[in-house]
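The following questions and answers examine a single protein chain through its computed geometry. Please consult the sequence and the coordinates as each point is raised.

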Amino acid sequence: MTRFLFILTIFTLLIFEGTVVQVFTAGWWDLHLTMVPRFVVVMLIFAALFLGRVQGLFMGLIFGLFYDIIYGSVVGIYAFTMAIIGYFTGLVFRIFQQNIFLIWLTVLLALVAFEFMVYGLMTLVNVTALDLHIFFFDKLLPTLVLNMIFALLVSYPARNILIQMRDEEQQI
């Protein structure tokens, strides 16, 4: 039951990212900054940290495909990137899940890696021609601020839910 509610929460965040959050981002207020909500990626990172690399890989692949279908212009970029981020974040799950500050640092580093991987793949297939300087200052930094605020707000509830999920799996 906990797993179903967690996945339902991620689906809700997926829809929330493309609808409600767009109202509150910087572009709506006539700023030249671009804040991209990556709440699904943050939850994927939390899931990988607490459930391991295999579940992080598969959850990243599945939700990345949904991301590609709903928001992407090229199918496979988000699926590949989220799967890689889920896998490599899951590799460190036994080390970094003990301390909340290390979890936040892991989320921050994984978000930076995710954004650079998506930017690199989009540049590689000529979907974007955004200059690296503009990408870094106008998109990456505001995106990190928005998503780290989200990570700070949901870290304790997500941690408790994921620990409960892990305990339920170990009892089976």
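Q: What end-to-end distance does helix α4 reach, from its first C-alpha to its last?
A: In this predicted model, helix α4 covers residues 53-70 and has 18 residues. At 1.5 Å a residue, a span of 26 Å is expected for α4.

Q: Within what arc do the buried residues of α4 fall, seen down the helix axis?
A: The buried residues of α4 are Gly56, Met59, Gly60, Phe63, Gly64, Tyr67 and Asp68. An α-helix has 3.6 residues a turn, so residues three or four places apart point the same way. The buried residues of α4 therefore line one face of the helix, within an arc of 165°.

Q: Which helices are included in what covers the buried residues of α4?
A: Among the buried residues of α4 are Met59, Phe63 and Tyr67. The cover over the buried residues of α4 includes α1 (2-18), α3 (39-51) and α5 (77-91).

Q: How many of the residues of α3 are buried?
A: The 13 residues of α3 should span 18 Å at 1.5 Å a residue, and the end C-alpha atoms of α3 agree with this, being 18 Å apart. Just after α3, Gly52 takes a positive phi of about 110°. Helix α3 is mostly covered, and its buried residues number 13 of 13.

Q: Is Met165 buried or exposed?
A: Met165 is found in helix α8, residues 132-171. Leaving aside neighbours within four places in sequence, Met165 is in contact with Thr2, Arg3, Phe6 and Leu51. The relative accessible area of Met165 is 2%, and the cut-off for burial is under 20%, so Met165 is buried.

Q: Which residues is Met148 in contact with, leaving aside its neighbours within four places in sequence?
A: Met148 also lies in helix α8. Its relative accessible area is 15%, so Met148 counts as buried. The C-alpha atoms of Met148 and Tyr67, 81 residues apart along the chain, are separated by 20 Å. Beyond its neighbours within four places in sequence, the contacts of Met148 are Trp104, Val107, Leu108 and Leu111.

Q: What is the relative accessible area of Asn126?
A: Asn126 is placed in the loop between α7 (100-124) and α8. Although not a glycine, Asn126 has a positive phi of about 60°. Asn126 is exposed, with a relative accessible area of 67%.

Q: How far apart in space are Val36 and Leu140, C-alpha to C-alpha?
A: Val36 is found in the loop between α2 (21-24) and α3, and is buried with a relative accessible area of 18%. Leaving aside neighbours within four places in sequence, Val36 is in contact with Lys139, Thr143, Leu146 and Asn147. Val36 and Leu140 are 104 residues apart in sequence, and their C-alpha distance is 8.5 Å.

Q: How much space lies in the largest pocket?
A: Rolling a probe the size of a water molecule over the atoms shows where empty space is left. The largest pocket is lined by 15 residues, and those nearest its centre are Val36, Arg38, Tyr67, Tyr71 and Tyr78. The space in the largest pocket is about 280 Å³.

Q: How do the lining residues of the largest pocket divide into nonpolar, polar and charged?
A: The lining of the largest pocket has 15 residues, with Tyr71 and Tyr78 among those nearest the centre. The lining divides into seven nonpolar, five polar and three charged residues.

Key
Residues are numbered from 1 along each chain as its sequence is written. This is a predicted model: local features need pLDDT of at least 70, side-chain atom pairs count only at pLDDT 80 or more; totals for chains, interfaces and linings use all residues. Side-chain values use heavy atoms; hydrogens and water are left out. Helices (H or I, at least four residues) and strands (E, at least two) are DSSP runs, numbered from the N terminus. The expected span of a helix is 1.5 Å times one less than its number of residues. Buried means under 20% relative accessible area, exposed over 50%, partly exposed in between (1.4 Å probe, protein chains only). The arc is that of the directions from the helix axis to the C-beta atoms. Contact means heavy atoms within 4.5 Å. On a 1 Å grid over the protein atoms alone, a cavity is a set of points where a 1.4 Å probe fits but cannot get out, and a pocket is an open set with protein on both sides within 12 Å along at least five of seven lines; lining residues have an atom within 4 Å of a point. Grid points are joined across faces, edges and corners, and a volume is the space filled by probe spheres set on the points. Ala, Val, Leu, Ile, Met, Phe, Trp, Tyr, Cys and Pro count as nonpolar, Asp, Glu, Lys and Arg as charged, and the others, Gly among them, as polar.
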